[in-house]
Structures are given as structure tokens and as C-alpha cells.
Amino acid sequence: MAIIILIKRLLLSFRIINITLAETIDMQEPWRIGKLIRIVDETPNTKRFWIEIPEVEQFNFEPGQFVTLDLPIHEQKNKRWRSYSIASSPDGTNIIELIIVRLEGGLGTSYLFKEGEVGMEVMLRGPIGKFTLPETLDKDLYFICTGTGIAPFRSMVHYIHSHNIPHKKVNIIFGCRTMDDSLYLDELKHLEQEEPNFFFFPTYSRETNLPEGCHTGYVHKVYETLISNCKTGDCLPPANFFLCGWKNMVDEARDKLVCMGYDKKDIHLELYG
Ligand SMILES: Cc1cc2nc3c(=O)[nH]c(=O)nc-3n(C[C@H](O)[C@H](O)[C@H](O)COP(=O)(O)OP(=O)(O)OC[C@H]3O[C@@H](n4cnc5c(N)ncnc54)[C@H](O)[C@@H]3O)c2cc1C
């Protein structure tokens, strides 16, 4: 009996989440026509796409938000939608940057990588999402990500830097397999030199001989070490955590942080799939 009640509750909560998401998206911004104005290969399977939205003078958004693209890959409209975090920071223009990894067999990314070319129109809606910076940055920030999960954090750190926003330590812990999969490596290393208290930890799971400033293994070891180095006695350093990327990494990081003693309200998640 208890199991049946649990299953019913789960089904109900899924329904609520689905309805809320669909309604939120419908109530929000209108669909707009965007135009691809630049495409650059960042790695062999990751591209940066710049999209201009000519019908607005400025495309306003908060760092960390995403847009939803309506791609001509299915007859049913909700099966055509794919969301992408905005990787650029708001700069008063009507141009945004997305960074997208190609998923083998993925309908949306196969379309974008095959058909995407400068001048192509793409329907988009947004900005959407609440994965955004806290109002005041009075605690250390840990931005933990793998692959293109770095997109919202790139937006946030550039925003903090260009607006001189006071902050405690800001750490990006970025994981990928090899050096060839690095995203925004030089740019973020450069920002690390310019912005006091900003630290970038590129972490590679399949590399051993790495230059200084790079780490081997998985992201988890890196933030666990950083946190334990900042502990005073048994006291955890106050911090806000933002986790972004694919489910396995995000779930594991959240569980580890909760196990360490951090409150769930200080752990913010953006799941890509
Ligand atoms: C809020 C939000 C923001 C996102 N931002 C980005 C972004 O900035 N950059 C980006 O590249 N992607 C991002 N994504 C993921 C993106 O929306 C698509 O899911 C992804 O591009 C795959 O789409 P597809 O049509 O090619 O694959 P589909 O045909 O939809 O995928 C088929 C299956 O593969 C699974 N899958 C999708 N991606 C992966 C993966 N990488 N590894 C393992 N399994 C996967 C899906 O869950 C699905 O079951 C974001 C997702 C969300 C919800």
C-alpha cells in the first residue's frame, strides 16, 4: 500500500513539474526570429554559435539563463524544442553566444551541426530560468561543471568582472576528458590573472602530464580539496554551489556536498539531460 501511495505521489509530482514548466514557458517571452551570425569550432565536437535577434535592440537576460530553440526536427512542436544556456554575458546588444556539443544520434545537435550556417534563421524563446547569481555575493561561489555546462558560468564570471561586483572567492571547476576538449581555456586563464579572487580549475579525467594550473581526475576531488583547505576546525566555509551539466555529475556532486554538511538551499542545479 505504502509503495502504491509513493508511486502515485511521484507521478503527481512529475505531472506538476511538467505542467509548471510548460505553462511557465508559454507565459514567458514570445518566440522571436534569431539569425546565426557567426559559428566557430571550439573543439572537434563543440561549436560556438552567435545569434542576433534583430527585432530587439537589446536582448536582456540575467547571466545563467537559457534560451529555447525551436528546430525543424519534428512535426510536434514540443519535440522540436532544445534549450541552451547563454554563454555570453549581457552587453547591451541583441547578440548572444551559445556553446553546443554534438550528441551522437541527437536530433537537435545533428541538425545544428549539419545545417547551421551563417545567415540561417532560428526561432528562439527566452530568456528563461532561475539559475542565476545570488543578489549579494557574500559567500564563496563554487561553479562546478562538465563540458558545455560551463556556459552559464562563463556568462556569470564575465558579468561579475565587467560590473566590478564585490565578491568572495569565485571558483570554476570545469571537467572534461582531454586537453583537446577544453572550453574557453585561454580566456578563463587570462581572466584569472585579471580578476582578484577568481580561480579557474580545468580538470581532465584522461590526462596525466598536464601544464601547471591544470588538474587530473574528476571535478569532485578538486572541490572537496578546496573546501577542506578552507575549513576552520570542523566548520565548513560558507559557500553557494552551482552545478551544471549532465545528470551523473550533477547528482554525484549534490550528494557529496549534502554529505559534507551543506544545506540543499545553498546548492543550485541546472540539468542538461
Ligand atoms: C536548461 C538547459 C540548458 C542547456 N544548455 C546546453 C548548452 O549550453 N550546451 C549544450 O550542449 N547542451 C545544453 N543543453 C542540452 C540540450 O538542450 C540538448 O538536450 C542537447 O543538445 C541534446 O539535444 P539533441 O536533440 O541533439 O539530442 P536528443 O535527440 O534530444 O537526445 C537523445 C537522448 O540523449 C540524451 N542526452 C542528451 N545530451 C546528452 C549528453 N551530452 N550526454 C549523454 N546523453 C545525452 C537525452 O537525455 C536524450 O535521452 C541544455 C539543456 C537544458 C535543459
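**Before going on**

This is a predicted model, in which local features need pLDDT of at least 70 and side-chain atom pairs count only at pLDDT 80 or more, while totals for chains, interfaces and linings use all residues. Residues are numbered from 1 along each chain as its sequence is written.

Show the whole protein chain. The chain has six helices and twelve strands. Of its 273 residues, 34% are buried. A residue is buried if 20 or more other C-beta atoms lie within 10 Å of its own, exposed if 12 or fewer, and partly exposed in between, with C-beta atoms placed from the backbone. Two residues are in contact if their C-beta atoms, placed from the backbone, lie within 7 Å. Among contacts between residues at least 6 apart in sequence, 70% join residues at least 24 apart.

**Stop 1: the ligand**

The ligand is surrounded by 20 residues, and the closest are G106, G108, T109, T148 and G273. Colour the shell by residue type: eleven are nonpolar, seven polar and two charged. Here Ala, Val, Leu, Ile, Met, Phe, Trp, Tyr, Cys and Pro count as nonpolar, Asp, Glu, Lys and Arg as charged, and the others, Gly among them, as polar.

Now colour domain 1 (26–128) and domain 2 (140–271) separately. The domain bounds come from an automatic or database domain assignment. Both domains give residues to the shell, so the ligand lies between them.

**Stop 2**

Select T46, in strand β2 (residues 46–52). T46 counts as buried because 20 other C-beta atoms lie within 10 Å. Leaving aside neighbours within four places in sequence, T46 is in contact with I99, I100, V101, T148 and L183. One of these, I100, is 54 residues away in sequence, yet the two C-alpha atoms are 5.6 Å apart.

Next select E42, in strand β1 (residues 31–43). E42 has 18 other C-beta atoms within 10 Å, so this residue is partly exposed. Not counting residues up to four places away in sequence, E42 touches K47, R48, I99 and L183. From E42 to I100 the separation is 58 residues in sequence and 9.4 Å in space, C-alpha to C-alpha.

**Stop 2: the cis peptide bond**

Go to G126 and P127, which are joined by a cis peptide bond with omega about 5 degrees. P127 is in strand β6 (residues 121–128).

**Stop 4**

Select helix α3 (residues 151–162). Is α3 largely enclosed or largely open? Nine of its twelve residues are buried, so the rest of the structure largely encloses this helix. Among the buried residues are F153, R154, M156 and H158.

Move on to N164, in the loop between α3 and β8. Phi of N164 is positive, near 50 degrees, in a residue other than glycine. N164 is exposed, with 8 other C-beta atoms within 10 Å.

For another positive phi, select N197, where the value is about 65 degrees and the residue is not a glycine. N197 is in the loop between α4 (185–194) and β9. With 15 C-beta neighbours inside 10 Å, N197 is partly exposed.

**Stop 3: helix α5**

Select α5 (residues 219–230), a helix of twelve residues. From its first C-alpha to its last, α5 reaches 17 Å, close to the 16 Å expected at 1.5 Å a residue. The expected span is 1.5 Å times one less than the number of residues.

Which residues of α5 are buried? They are V219, V222, Y223 and I227. Seen down the axis of α5, the buried residues fall within an arc of 125 degrees, so they line one face of the helix. The arc is that of the directions from the helix axis to the C-beta atoms. An α-helix has 3.6 residues a turn, so residues three or four places apart point the same way.

Turn to the other side of α5, where T225, S228 and N229 are exposed. Finally, show what covers the buried residues of α5, including β7 (140–146), β8 (170–176), β9 (198–204), β10 (215–216) and α6 (247–260).

Technical notes
Helix = DSSP H or I, 4+ residues; strand = E, 2+ residues; numbered from the N terminus. Near = placed C-beta within 6 Å.
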